[in-house]
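Q: I have a structure open and would like to talk it through. Could we go over it piece by piece?

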Amino acid sequence: MRPHAQSSSEWGRLVTCRGLAIRPGRLPIGRRLPTCPTLLLLCCLPAAAQKVDIGVFSLFRPIELRVSPVSNTVLVTVGDQRIVLEGHQVFTIRLAQLSSAVHVSSRDGSATDFRLSIPGKIDRKFNGTLAIRPGDHKLIAVVTMDLEIAVASVVAAEMPVRAPIEALKAQAVATRSYFAVSPPRHDEYTFCDTTHCQFLREPARGTTAHRAAQETRNLLLEYAGKPFPAQYSAVCGGRTRSLEGEGEPITGYPYYSVPCDYCRRHSPGVVQGHQLGLCQSGAIGMAASGATFRAILDRYYPGTHLQPSN
Ligand SMILES: [Zn+2]
Ligand SMILES: [Zn+2]
(Lines give C-alpha, C1' and ligand atoms only; values in the text may rest on other atoms or scores of the structure.)
(Ligands and ions follow the chains in the order given, each with its own letter.)
Protein backbone atom coordinates (compact mmCIF):
# COMPACT_ATOMS: atom_id res chain seq x y z
CA MET A 1 0.00 0.00 0.00
CA ARG A 2 1.15 3.54 -0.64
CA PRO A 3 1.28 5.51 2.60
CA HIS A 4 -1.42 7.86 1.36
CA ALA A 5 -3.59 5.20 -0.24
CA GLN A 6 -7.15 5.36 0.99
CA SER A 7 -9.41 4.35 -1.88
CA SER A 8 -10.28 0.85 -2.94
CA SER A 9 -8.74 1.49 -6.37
CA GLU A 10 -5.41 2.14 -4.67
CA TRP A 11 -5.73 -1.14 -2.83
CA GLY A 12 -6.29 -2.74 -6.21
CA ARG A 13 -3.13 -1.50 -7.82
CA LEU A 14 -0.84 -2.59 -5.03
CA VAL A 15 -2.02 -6.02 -4.12
CA THR A 16 0.41 -8.11 -2.17
CA CYS A 17 0.69 -11.44 -3.88
CA ARG A 18 3.84 -13.33 -3.16
CA GLY A 19 4.58 -16.70 -4.67
CA LEU A 20 4.95 -19.69 -2.39
CA ALA A 21 7.96 -21.33 -4.01
CA ILE A 22 10.70 -21.82 -1.46
CA ARG A 23 14.22 -22.62 -2.52
CA PRO A 24 16.90 -23.92 -0.20
CA GLY A 25 19.82 -21.64 0.35
CA ARG A 26 21.62 -19.36 2.73
CA LEU A 27 19.67 -17.47 5.34
CA PRO A 28 19.00 -13.86 4.42
CA ILE A 29 20.07 -12.46 7.73
CA GLY A 30 23.60 -11.19 8.11
CA ARG A 31 25.86 -11.06 11.11
CA ARG A 32 25.17 -12.33 14.58
CA LEU A 33 27.58 -12.21 17.47
CA PRO A 34 29.32 -15.48 18.24
CA THR A 35 27.69 -17.55 20.95
CA CYS A 36 30.84 -19.45 21.95
CA PRO A 37 30.83 -19.85 25.76
CA THR A 38 34.42 -18.66 26.01
CA LEU A 39 33.36 -15.31 24.62
CA LEU A 40 31.18 -14.68 27.62
CA LEU A 41 31.73 -10.96 27.58
CA LEU A 42 30.77 -10.65 23.93
CA CYS A 43 27.68 -12.76 24.56
CA CYS A 44 26.50 -10.30 27.18
CA LEU A 45 26.48 -7.46 24.66
CA PRO A 46 23.36 -6.81 22.59
CA ALA A 47 23.30 -8.86 19.35
CA ALA A 48 24.65 -7.08 16.28
CA ALA A 49 21.99 -5.51 14.11
CA GLN A 50 20.54 -7.98 11.65
CA LYS A 51 20.80 -6.96 8.02
CA VAL A 52 18.76 -7.71 4.95
CA ASP A 53 19.81 -7.45 1.26
CA ILE A 54 17.21 -5.89 -1.00
CA GLY A 55 17.58 -5.50 -4.78
CA VAL A 56 16.05 -2.16 -5.76
CA PHE A 57 14.70 -0.72 -9.03
CA SER A 58 15.14 -4.09 -10.78
CA LEU A 59 11.84 -3.72 -12.66
CA PHE A 60 13.36 -0.77 -14.53
CA ARG A 61 16.43 -2.74 -15.72
CA PRO A 62 18.52 0.43 -15.27
CA ILE A 63 21.52 1.22 -17.44
CA GLU A 64 22.24 4.45 -15.58
CA LEU A 65 21.95 5.19 -11.85
CA ARG A 66 22.71 8.35 -9.89
CA VAL A 67 23.77 8.50 -6.25
CA SER A 68 23.81 11.61 -4.07
CA PRO A 69 23.98 12.43 -0.35
CA VAL A 70 20.90 13.28 1.71
CA SER A 71 22.45 15.21 4.60
CA ASN A 72 25.83 13.74 5.56
CA THR A 73 28.70 13.11 3.18
CA VAL A 74 28.65 9.83 1.26
CA LEU A 75 31.65 7.71 0.28
CA VAL A 76 31.65 6.09 -3.18
CA THR A 77 34.27 3.38 -3.73
CA VAL A 78 35.11 2.12 -7.22
CA GLY A 79 38.06 -0.27 -7.29
CA ASP A 80 40.79 1.59 -5.36
CA GLN A 81 39.22 4.98 -6.04
CA ARG A 82 37.47 6.73 -3.14
CA ILE A 83 35.17 9.64 -3.93
CA VAL A 84 33.49 11.70 -1.22
CA LEU A 85 30.16 13.32 -2.18
CA GLU A 86 28.68 16.23 -0.28
CA GLY A 87 25.89 18.75 -0.68
CA HIS A 88 24.29 18.47 -4.08
CA GLN A 89 27.07 16.44 -5.71
CA VAL A 90 25.88 13.54 -7.84
CA PHE A 91 27.78 10.40 -8.87
CA THR A 92 26.57 8.80 -12.11
CA ILE A 93 27.06 5.10 -12.83
CA ARG A 94 26.61 3.93 -16.44
CA LEU A 95 26.49 0.27 -17.40
CA ALA A 96 28.60 0.91 -20.50
CA GLN A 97 31.49 2.28 -18.41
CA LEU A 98 31.33 -0.05 -15.42
CA SER A 99 33.75 -2.93 -15.06
CA SER A 100 33.82 -3.45 -11.29
CA ALA A 101 31.37 -2.95 -8.44
CA VAL A 102 30.59 0.45 -6.96
CA HIS A 103 30.04 0.68 -3.20
CA VAL A 104 28.26 3.50 -1.37
CA SER A 105 28.46 4.02 2.39
CA SER A 106 29.31 6.56 5.07
CA ARG A 107 33.00 7.57 5.25
CA ASP A 108 33.71 4.78 7.75
CA GLY A 109 32.00 2.17 5.58
CA SER A 110 28.81 1.94 7.65
CA ALA A 111 25.19 2.59 6.72
CA THR A 112 24.21 6.07 5.60
CA ASP A 113 21.31 7.99 4.12
CA PHE A 114 21.66 8.34 0.35
CA ARG A 115 19.51 9.12 -2.64
CA LEU A 116 19.38 6.76 -5.62
CA SER A 117 17.70 7.61 -8.90
CA ILE A 118 17.16 6.49 -12.46
CA PRO A 119 17.02 9.72 -14.47
CA GLY A 120 13.44 10.48 -15.49
CA LYS A 121 12.00 7.38 -13.81
CA ILE A 122 12.40 7.08 -10.06
CA ASP A 123 14.16 8.85 -7.22
CA ARG A 124 14.23 7.44 -3.70
CA LYS A 125 16.02 7.85 -0.40
CA PHE A 126 17.45 4.83 1.41
CA ASN A 127 19.37 4.12 4.59
CA GLY A 128 22.02 1.40 4.44
CA THR A 129 24.98 0.57 2.25
CA LEU A 130 24.65 0.17 -1.52
CA ALA A 131 26.45 -2.08 -4.01
CA ILE A 132 26.00 -1.59 -7.76
CA ARG A 133 27.44 -4.09 -10.19
CA PRO A 134 27.05 -4.80 -13.90
CA GLY A 135 24.51 -7.48 -14.75
CA ASP A 136 23.03 -8.88 -17.93
CA HIS A 137 22.26 -5.68 -19.91
CA LYS A 138 21.37 -3.89 -16.66
CA LEU A 139 22.81 -2.51 -13.46
CA ILE A 140 22.10 -4.49 -10.29
CA ALA A 141 21.60 -2.27 -7.23
CA VAL A 142 21.46 -3.94 -3.82
CA VAL A 143 20.81 -2.04 -0.59
CA THR A 144 21.92 -3.75 2.60
CA MET A 145 19.77 -2.32 5.36
CA ASP A 146 19.08 -2.88 9.01
CA LEU A 147 16.25 -5.37 9.42
CA GLU A 148 14.16 -2.97 11.51
CA ILE A 149 14.53 -0.17 8.92
CA ALA A 150 13.43 -2.64 6.24
CA VAL A 151 10.41 -3.60 8.40
CA ALA A 152 9.38 0.05 8.86
CA SER A 153 9.87 0.70 5.13
CA VAL A 154 7.59 -2.22 4.21
CA VAL A 155 4.93 -1.27 6.77
CA ALA A 156 4.96 2.26 5.30
CA ALA A 157 4.50 0.82 1.80
CA GLU A 158 2.01 -1.95 2.56
CA MET A 159 -0.41 -0.15 4.90
CA PRO A 160 -2.27 3.19 4.70
CA VAL A 161 -0.49 5.90 6.70
CA ARG A 162 -3.57 6.51 8.84
CA ALA A 163 -4.14 2.83 9.73
CA PRO A 164 -4.44 2.24 13.50
CA ILE A 165 -1.10 1.51 15.18
CA GLU A 166 -2.11 -2.00 16.31
CA ALA A 167 -2.78 -2.98 12.66
CA LEU A 168 0.63 -1.59 11.70
CA LYS A 169 2.24 -3.56 14.52
CA ALA A 170 0.60 -6.80 13.30
CA GLN A 171 1.91 -6.02 9.80
CA ALA A 172 5.38 -5.29 11.23
CA VAL A 173 5.56 -8.71 12.91
CA ALA A 174 4.45 -10.50 9.71
CA THR A 175 6.95 -8.49 7.63
CA ARG A 176 9.83 -9.11 10.05
CA SER A 177 9.08 -12.85 10.15
CA TYR A 178 9.09 -12.95 6.36
CA PHE A 179 12.44 -11.16 6.08
CA ALA A 180 14.02 -13.09 8.94
CA VAL A 181 13.41 -16.65 7.80
CA SER A 182 12.42 -16.71 4.12
CA PRO A 183 15.13 -18.34 1.99
CA PRO A 184 16.57 -16.03 -0.74
CA ARG A 185 13.97 -15.39 -3.40
CA HIS A 186 16.34 -14.09 -6.10
CA ASP A 187 19.69 -15.17 -7.49
CA GLU A 188 21.39 -11.78 -7.30
CA TYR A 189 20.06 -10.64 -3.89
CA THR A 190 17.78 -11.95 -1.17
CA PHE A 191 14.59 -9.93 -1.71
CA CYS A 192 13.30 -7.39 -4.23
CA ASP A 193 11.44 -4.16 -3.47
CA THR A 194 8.17 -5.06 -5.22
CA THR A 195 5.12 -7.04 -4.14
CA HIS A 196 6.85 -10.17 -5.48
CA CYS A 197 8.68 -10.13 -2.13
CA GLN A 198 7.53 -7.17 -0.05
CA PHE A 199 6.69 -3.71 -1.38
CA LEU A 200 9.12 -1.21 0.12
CA ARG A 201 9.28 2.56 0.28
CA GLU A 202 11.68 5.09 1.77
CA PRO A 203 12.92 4.52 5.33
CA ALA A 204 10.11 5.80 7.48
CA ARG A 205 11.64 7.56 10.49
CA GLY A 206 9.22 9.47 12.71
CA THR A 207 6.12 7.85 11.20
CA THR A 208 3.64 5.44 12.76
CA ALA A 209 5.18 2.72 10.54
CA HIS A 210 8.52 3.31 12.23
CA ARG A 211 6.84 3.27 15.65
CA ALA A 212 5.11 -0.02 14.78
CA ALA A 213 8.49 -1.58 13.97
CA GLN A 214 10.05 -0.23 17.17
CA GLU A 215 7.20 -1.35 19.42
CA THR A 216 7.40 -4.91 18.06
CA ARG A 217 11.17 -4.92 17.72
CA ASN A 218 12.67 -8.45 17.35
CA LEU A 219 9.28 -10.21 17.57
CA LEU A 220 8.78 -13.08 15.13
CA LEU A 221 5.79 -15.35 14.50
CA GLU A 222 6.60 -18.96 15.28
CA TYR A 223 4.77 -22.19 14.60
CA ALA A 224 5.73 -25.56 16.11
CA GLY A 225 8.72 -23.94 17.78
CA LYS A 226 10.14 -22.31 14.64
CA PRO A 227 9.70 -18.86 13.08
CA PHE A 228 8.11 -18.95 9.62
CA PRO A 229 7.97 -16.46 6.72
CA ALA A 230 4.45 -15.14 7.34
CA GLN A 231 2.36 -14.51 4.23
CA TYR A 232 -0.29 -11.77 4.17
CA SER A 233 -2.63 -10.24 1.62
CA ALA A 234 -4.69 -7.10 1.05
CA VAL A 235 -8.37 -8.15 1.11
CA CYS A 236 -9.53 -11.70 1.89
CA GLY A 237 -13.18 -11.35 0.81
CA GLY A 238 -14.62 -12.68 4.09
CA ARG A 239 -12.54 -15.77 4.78
CA THR A 240 -8.84 -16.55 4.53
CA ARG A 241 -7.47 -19.70 2.97
CA SER A 242 -5.70 -22.81 4.27
CA LEU A 243 -3.01 -24.61 2.30
CA GLU A 244 -4.38 -27.96 3.43
CA GLY A 245 -6.32 -29.85 0.80
CA GLU A 246 -5.24 -27.46 -1.96
CA GLY A 247 -2.35 -29.48 -3.28
CA GLU A 248 0.11 -26.70 -2.42
CA PRO A 249 3.30 -27.77 -0.66
CA ILE A 250 3.21 -27.23 3.10
CA THR A 251 6.78 -26.70 4.30
CA GLY A 252 6.04 -24.91 7.56
CA TYR A 253 2.89 -23.17 8.66
CA PRO A 254 -0.19 -24.70 6.97
CA TYR A 255 -2.37 -21.56 7.34
CA TYR A 256 -6.01 -21.86 8.33
CA SER A 257 -9.28 -20.69 6.85
CA VAL A 258 -10.58 -18.11 9.32
CA PRO A 259 -13.60 -15.79 9.02
CA CYS A 260 -12.86 -12.07 8.55
CA ASP A 261 -15.75 -9.96 9.89
CA TYR A 262 -14.54 -6.73 8.35
CA CYS A 263 -14.38 -8.11 4.80
CA ARG A 264 -17.71 -9.88 5.26
CA ARG A 265 -19.36 -6.59 6.10
CA HIS A 266 -17.48 -4.24 3.80
CA SER A 267 -16.25 -6.17 0.79
CA PRO A 268 -17.87 -9.62 0.67
CA GLY A 269 -16.39 -11.72 -2.13
CA VAL A 270 -13.83 -9.08 -3.11
CA VAL A 271 -10.41 -10.70 -3.05
CA GLN A 272 -7.09 -8.93 -3.52
CA GLY A 273 -4.10 -11.17 -2.97
CA HIS A 274 -3.69 -14.83 -2.11
CA GLN A 275 -5.90 -14.90 1.05
CA LEU A 276 -3.17 -16.49 3.17
CA GLY A 277 -2.54 -15.26 6.71
CA LEU A 278 -3.10 -11.67 7.78
CA CYS A 279 -5.81 -9.81 5.88
CA GLN A 280 -4.59 -6.20 5.85
CA SER A 281 -8.10 -4.84 5.43
CA GLY A 282 -9.44 -7.02 8.26
CA ALA A 283 -6.50 -6.11 10.51
CA ILE A 284 -7.30 -2.42 10.09
CA GLY A 285 -10.96 -3.16 10.91
CA MET A 286 -10.04 -5.17 14.03
CA ALA A 287 -7.61 -2.51 15.27
CA ALA A 288 -10.23 0.21 14.73
CA SER A 289 -12.54 -1.79 17.03
CA GLY A 290 -9.87 -1.92 19.74
CA ALA A 291 -8.05 -5.19 19.03
CA THR A 292 -4.36 -5.42 19.95
CA PHE A 293 -1.77 -6.59 17.45
CA ARG A 294 -1.51 -9.85 19.37
CA ALA A 295 -5.27 -10.45 18.99
CA ILE A 296 -5.01 -9.65 15.27
CA LEU A 297 -2.13 -12.08 14.79
CA ASP A 298 -3.99 -14.75 16.83
CA ARG A 299 -6.98 -14.38 14.52
CA TYR A 300 -5.15 -14.67 11.21
CA TYR A 301 -2.38 -17.06 12.25
CA PRO A 302 -4.08 -19.55 14.62
CA GLY A 303 -1.77 -21.86 16.57
CA THR A 304 1.20 -19.49 16.40
CA HIS A 305 3.18 -17.70 19.11
CA LEU A 306 5.36 -14.62 19.25
CA GLN A 307 9.00 -15.06 20.13
CA PRO A 308 11.93 -12.62 20.26
CA SER A 309 14.39 -13.20 17.42
CA ASN A 310 17.47 -13.16 19.68
ZN1 LIG B 1 11.08 -10.62 -5.13
ZN1 LIG C 1 -10.42 -9.90 5.27
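Q: Which residues does A131 touch, not counting residues up to four places away in sequence?
A: A131 touches A101, H103 and V142. Two residues count as in contact if their C-beta atoms, placed from the backbone, lie within 7 Å.

Q: Where is A131 found?
A: A131 is found in strand β8, residues 122–134. Helices (H or I, at least four residues) and strands (E, at least two) are DSSP runs, numbered from the N terminus.

Q: How many residues apart in sequence are A131 and A141?
A: They are ten residues apart in sequence, and 5.8 Å separates A131 from A141 in space, C-alpha to C-alpha.

Q: Before going on, what kind of model is this?
A: This is a predicted model, in which local features need pLDDT of at least 70, side-chain atom pairs count only at pLDDT 80 or more, and totals for chains, interfaces and linings use all residues. Residues are numbered from 1 along each chain as its sequence is written, and chains are lettered from A and ligands numbered from 1 in the order in which they are written.

Q: What is the mean pLDDT of the protein chain?
A: The mean is 85, and 84% of the residues reach 70 or more. Over residues 1–47, however, the pLDDT is below 50; this stretch has 75 contacts in the model beyond near neighbours in sequence. The pLDDT is the predictor's confidence in each residue, from 0 to 100.

Q: And overall, how many helices and strands are there?
A: The protein chain comes to eight helices and 15 strands. Of its 310 residues, 44% count as buried.

Q: Which residues touch the most other members in the largest nonpolar core?
A: I54, A141, V155 and I296 do, in a core of 79 residues. Helix α4 gives the most to this core, with ten residues. Domain 1 (8–30 + 147–308) and domain 2 (62–137) both contribute residues, so the core lies between them. A nonpolar core is a set of buried Ala, Val, Leu, Ile, Met, Phe, Trp, Tyr and Cys residues joined through C-beta atoms within 7 Å, and the domain bounds come from an automatic or database domain assignment.

Q: What does I54 touch?
A: Not counting residues up to four places away in sequence, I54 touches V142, V143, M145, A150, Y189, F191, C192, D193 and L200.

Q: Changing topic: which residues of helix α7 are buried?
A: Q280, S281, G282, A283, I284, G285, M286 and A287 are buried. That is eight of the nine residues of α7 (residues 280–288), so this helix is largely enclosed by the rest of the structure.

Q: What do those buried residues pack against?
A: The buried residues of α7 pack against α3, α4, β13 (232–233), α6 (261–266), β14 (278–279) and α8 (293–300). After α7 comes G290, with a positive phi near 105°.

Q: Which residues are buried in helix α5?
A: In α5 (residues 208–215), T208, A209, H210, A212 and A213 are buried. Their cover includes α3 (147–158) and α4.

Q: What is the strand order in the open sheet of three strands?
A: The order is β12-β11-β15, with antiparallel pairing. Strands β12 (226–227) and β15 (305–308) stand at the edges with a single partner strand each, so one side of each is left without a neighbour in the sheet. Two strands pair if DSSP finds at least two bridges between them.

Q: How many bridges join β11 to β15?
A: Four bridges join β11 (residues 219–223) to β15, and L220 has Q307 as its bridge partner in β15.

Q: Which helix lies across those strands?
A: Helix α4 (residues 165–181) lies across β11, β12 and β15, running at about 75° to β11. Axes are lines fitted to C-alpha atoms, for helices over the stretch in contact, and angles run from 0 to 180 degrees between N-to-C directions.

Q: Finally, how many residues of strand β4 are buried?
A: Of the five residues of β4 (residues 81–85), the number buried is zero, so this strand lies largely in the open. Strand β3 (residues 74–78) and β4 pair in the antiparallel sense over five bridges, and T77 has R82 as its bridge partner in β4. The two strands form a hairpin with two residues between them, and G79 in the turn has a positive phi of about 60°.

Conventions
A residue is buried if 20 or more other C-beta atoms lie within 10 Å of its own, exposed if 12 or fewer, and partly exposed in between; C-beta atoms are placed from the backbone.
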